[in-house]
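This report goes through one structure part by part. Keep the sequence and the 3D view open while reading.

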Amino acid sequence: MLEKLELHRRDFDSRIGNVTTPDQLKQLRTDFLGKKGCVSLALKELREFSPGEKRALGKHINDLKEHIELLIQEKSAVVQESSDRAAGSDAFDLSLPGRREMDGHLHPITQVMEELIAIFVGLGFSVEEGPEIESDYYNFEALNIPKDHPARDMQDTFYVEDEVVLRTHTSPVQIRVMEKRKPPLRFIAPGRVYRCDSDVSHTPQFHQVEGLMVDRSVSFGHLKGIMDIFLHQVFGKQTALRFRPSFFPFTCPSAEVDIQCVICLGKGCRVCKQTGWVEILGAGMVDPAVFGFVGYDPEEWTGLAFGLGIERIAMLKYGINDIRLFFENDLRFLRQF
Ligand code: PHE
């Protein structure tokens, strides 16, 4: 019996040296410790011995069992680790430094967009949307910009097909909403727009917020009041603004709204080209010709409209001098907001 146990031990020791996979180890455990394994068989054979021999032999069998258990346990850790590594699985290596979860946040343009929307919602405006791929009719024609009108040159247009463009402004949403609904109306339309243009203050794609209010006796006074409240909320109460006469085919009269330069506070700097003022948006009273396209009676209804560039506002708000930074997705830039 003692010799047999010694043979089992040697047999086990040599076999465990060759084990490389969890499956082989499992087989080895069954062969030695399983119900029909050699340790169990040896214990059964004990019955044939006298009580004194039983005790001595039993101790040897237990030693062997402990020896086998210990080595299998040690081997199991080694085999598991190498099989994990081979599978490239997510083995847990306690010696590696921890991986930090990085908090994301909204893009600065989205943040400014949401801020603007909240201000207008507070003034009773609803939020509308329109398609970015737009027909010539909505982008130009119905906004009183006929085919050969010089105003078409103001906006370098990306053409998708003959009569299909990437919208150059959010103004076509004015037409789409007016076609669908009767006045009174009061909504904004935020969204992406496209122009074939690229330098420090222009990118081929940028964002605008359009605004339209149509009601009985809407006046230029309402436009001034809304712009006042809006720009003071964005840039602070101390910010002066001024209206300059301008031209858009779809508004009359038209104005460009400037704010006092927030970089130099009106003293004159590079950003405001030494004028102390920066242009911030276009606006005006809806041209009666536009009402003609959507079947509103210009004798009964008047409207105000405005359109502003989100990037421009974000640049002034945060003192950013290159619009392209918004679209490069450099985290060193984006993390600052
Ligand atoms: N759509 C004009 C632009 O993109 C802005 C504008 C909108 C002007 C509404 C007047 C009224 O330049």
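Pro184 sits in the loop that links helix H7 (172-180) to strand E5 (185-194). This is a predicted model. The peptide bond that runs from Pro183 to Pro184 is cis, and its omega is near 0 degrees. Another cis peptide bond joins Cys252 and Pro253, with omega about 0 degrees. Pro253 is placed in strand E8. Leu265 lies in the loop between E8 and E9. The phi of Leu265 is near 55 degrees, a positive value in a residue other than glycine. Why are such places worth noting? Because most residues other than glycine have a negative phi, and most peptide bonds are trans.

**The sheet of 7 strands**

E5 and E8 both belong to an open sheet of 7 strands, which has mixed pairing and the order E1-E5-E6-E10-E9-E8-E7. Strand E1 (126-127) and strand E7 (241-248) are its edge strands, and each pairs on one side only. Helix H8 (residues 220-235) packs on this sheet. The strands that H8 touches are E6 (205-215), E7, E8 (251-260), E9 and E10. The direction of H8 makes about 125 degrees with that of E7.

How many residues lie between E7 and E8 in their hairpin? There are 2 residues between E7 and E8. The strands E7 and E8 run antiparallel and are joined by 7 bridges. Within this pair, Ser246 stands opposite Ser254 in E8. Further along the sheet, strand E9 (residues 277-286) pairs with strand E10 (residues 302-309) in the antiparallel sense, over 5 bridges. The bridge partner of Ala283 in E10 is Phe306. In a regular strand the side chains alternate between the two faces of the sheet.

**The sheet of 3 strands**

There is also an open sheet of 3 strands, with antiparallel pairing and the order E2-E4-E3. Its edge strands are E2 (133-135) and E3 (159-161), and each of them pairs on one side only. On average, neighbouring strands of this sheet are turned by 35 degrees against each other, with direction ignored. E2 pairs with strand E4 (residues 164-166) in the antiparallel sense, over 3 bridges. Here Glu134 stands opposite Val165 in E4.

**The ligand**

Which residues are closest to the ligand? Of the 15 residues that surround the ligand, the closest are His169, Ser171, Arg195, Gln208 and Gly307.

| Residue | Ligand atom | Distance |
|---|---|---|
| His169 | nitrogen | 3.0 Å |
| Ser171 | nitrogen | 2.9 Å |
| Gln208 | oxygen | 3.0 Å |

On its own, the ligand has 330 Å² of accessible area, and the protein covers 93% of this. Two or more residues of the shell around the ligand come from each of the elements E6, E9 and E10. The largest share of this shell, 3 residues, is given by E10. By residue type, the shell around the ligand divides into 5 nonpolar, 8 polar and 2 charged residues.

E10 stands between E6 and E9 in the strand order, and E6, E9 and E10 are the elements that give two or more residues to the shell around the ligand. H8 touches E6, E9 and E10 among its strands.

Methods. Residues are numbered from 1 along each chain as its sequence is written. This is a predicted model: local features need pLDDT of at least 70, side-chain atom pairs count only at pLDDT 80 or more; totals for chains, interfaces and linings use all residues. Side-chain values use heavy atoms; hydrogens and water are left out. Two strands pair if DSSP finds at least two bridges between them. Helices (H or I, at least four residues) and strands (E, at least two) are DSSP runs, numbered from the N terminus. Contact means heavy atoms within 4.5 Å. Axes are lines fitted to C-alpha atoms, for helices over the stretch in contact, and angles run from 0 to 180 degrees between N-to-C directions. A residue is near a molecule or strand if one of its heavy atoms lies within 4 Å of it. A polar contact is a pair of N or O atoms within 3.5 Å; within protein, one must be able to donate a hydrogen and the other to accept it, and residues adjacent in sequence count only if both atoms are side-chain atoms. Accessible areas come from the Shrake-Rupley method with a 1.4 Å probe; for residues, only the protein chains shown count as cover. Ala, Val, Leu, Ile, Met, Phe, Trp, Tyr, Cys and Pro count as nonpolar, Asp, Glu, Lys and Arg as charged, and the others, Gly among them, as polar.
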